[in-house]
Amino acid sequence: MITEAQRLQSVQEYYFSKKLQEIANMKTEIPIISLGIGSPDLQPHPEVIEELINVSQSGINGYQSYRGIPEMREAMSTFYQNKFNVSANPSTEILPLIGSKEGIMHISMAFLNEGDKVLIPNPGYPTYSSVTELVQAEPLFYDLKDENNWLPDFEKLEKLAEQQPKIMWINYPHMPTGAKASKDVLRKLVEFATRHNILIVNDNPYSFILNDEPMSILSIDGAKEVCIELNSLSKTFNIAGWRVGMVIGKENFINSILKVKSNMDSGMNFAIQKAATKALLVDNSWYDELTNIYAERRKIIWEIADLLNVKYNREAVGMFIWAKLPNDKKDDKTFIDEILYDKKIFITPGSIFGSNGKGFIRFSLCAPLEKLIEVKKRLEA
Ligand SMILES: Cc1ncc(COP(=O)(O)O)c(C=O)c1O
């Protein structure tokens, strides 16, 4: 018998991969409306599409540089300077990625040995722990709690640091809760990482969704010595399926990641890189328009949440609304399944993001207004 590798024993198929298949197989009289996954339904900027079409016809279809085209790296550097006031050398401190998700694997492969400990937020993006397991390192979950605004408890972190973790994943603005970290919190995190010799990776794909204070951990003094940052064009520019992300950090960190990446894939399609370059340089009206659309949607999701009697924070940022179930309804998976089977509306259960997500649900803002209004109607019926 051919057996699976042992490293897969503690890894499950991704929740959405299974659940979306179940939903696709459901036979229903009315279409299921998904408020589940955060996959932007909006169009990219027209000039970005135009660039993609034009450059696709240029005949350049060969393998591309492992480091991405210089022009796109320049644009990434300009984007970081303009949006976060962070300077990054485009030749040495920026590495384009085929989406930031692959970066989580590359970074883990580049820095973790078997048995190394990794600080992972609970709740948090499930890929941090599954990749940690895949590279046979050990997750050390740190609690994020509602009562602490979903920010780390530094006293508890100090205790966990006794186990000498090598990497700490953070993700502010935070998915799934929408929590923001202040400059002061980021400063404390940098100081914590410096003191304990931990590499902090800030996964930062949601800075430009309903957030008027985009922040990079690399803007903190001394951060470049102990921090790297992942960023993504998926949500900011509505090109999730094009797969464009980046990792920013000092040269020797980037070189280690490149050692892994260049052995695993090649640079992304030339036309996509050219179009991504355009996206990174669009003017501010793009960001204003995105904010207006998501703000309108968020208003209706708040009304939907009110109908379901779940509690949310109006100050939260990002692409999701995170909401707490009433006290008598603790099981979020049962709660969302009842709505799915009864009303044909899919919402994500909070417990898939970790034990601290139990009793919460997450609504995605990636559905057009008409669908959100239909959701309201179904719930009111
Ligand atoms: C917290 C977080 N990090 C990373 C990603 C991956 O984004 P990308 O499309 O850049 O791979 C996601 C996508 O949903 C996410 O929610």
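**Figure 1. Residues around the centre of the second largest pocket.** In this predicted model, G38, K101, Y125, Y206 and K235 lie nearest the centre of the second largest pocket, whose lining is made up of 27 residues. Two elements, α4 and α5, each give two or more residues to this lining. The largest share comes from α4, which supplies 3 residues. The volume of the second largest pocket is about 510 Å³.

**Figure 2. Composition and position of the second largest pocket.** By residue class, the lining of the second largest pocket contains 14 nonpolar, 8 polar and 5 charged residues.

**Figure 3. Residues around the centre of the largest pocket.** The space in the largest pocket amounts to about 630 Å³. Its lining consists of 26 residues, and those nearest the centre are Q12, Y14, P126, S129 and S130. At least two lining residues are supplied by each of α1 (15–25), α4 (100–111), β3 (117–122) and α5 (126–134). Of the elements, α5 gives the most to the lining of the largest pocket, namely 7 residues.

**Figure 4. Composition and position of the largest pocket.** The lining of the largest pocket divides into 13 nonpolar, 7 polar and 6 charged residues. The largest pocket lies between domain 1 (10–39 + 284–380) and domain 2 (46–280), because both domains give residues to its lining.

**Figure 5. The surroundings of the ligand.** The ligand is surrounded by 14 residues. The closest of these are D203, Y206, S232, S234 and R243. Y206 is also among the residues that lie nearest the centre of the second largest pocket.

Figure 6. For S232, a polar side-chain atom lies 2.7 Å from an oxygen atom of the ligand. For S234, the distance from a polar side-chain atom to an oxygen atom of the ligand is 2.6 Å. R243 likewise places a polar side-chain atom 2.7 Å from an oxygen atom of the ligand. The ligand taken alone exposes 400 Å², and 91% of that area is buried by the protein.

Note on methods:
Residues are numbered from 1 along each chain as its sequence is written. This is a predicted model: local features need pLDDT of at least 70, side-chain atom pairs count only at pLDDT 80 or more; totals for chains, interfaces and linings use all residues. Side-chain values use heavy atoms; hydrogens and water are left out. On a 1 Å grid over the protein atoms alone, a cavity is a set of points where a 1.4 Å probe fits but cannot get out, and a pocket is an open set with protein on both sides within 12 Å along at least five of seven lines; lining residues have an atom within 4 Å of a point. Grid points are joined across faces, edges and corners, and a volume is the space filled by probe spheres set on the points. Helices (H or I, at least four residues) and strands (E, at least two) are DSSP runs, numbered from the N terminus. Ala, Val, Leu, Ile, Met, Phe, Trp, Tyr, Cys and Pro count as nonpolar, Asp, Glu, Lys and Arg as charged, and the others, Gly among them, as polar. Domain bounds come from an automatic or database domain assignment. A residue is near a molecule or strand if one of its heavy atoms lies within 4 Å of it. A polar contact is a pair of N or O atoms within 3.5 Å; within protein, one must be able to donate a hydrogen and the other to accept it, and residues adjacent in sequence count only if both atoms are side-chain atoms. Accessible areas come from the Shrake-Rupley method with a 1.4 Å probe; for residues, only the protein chains shown count as cover.
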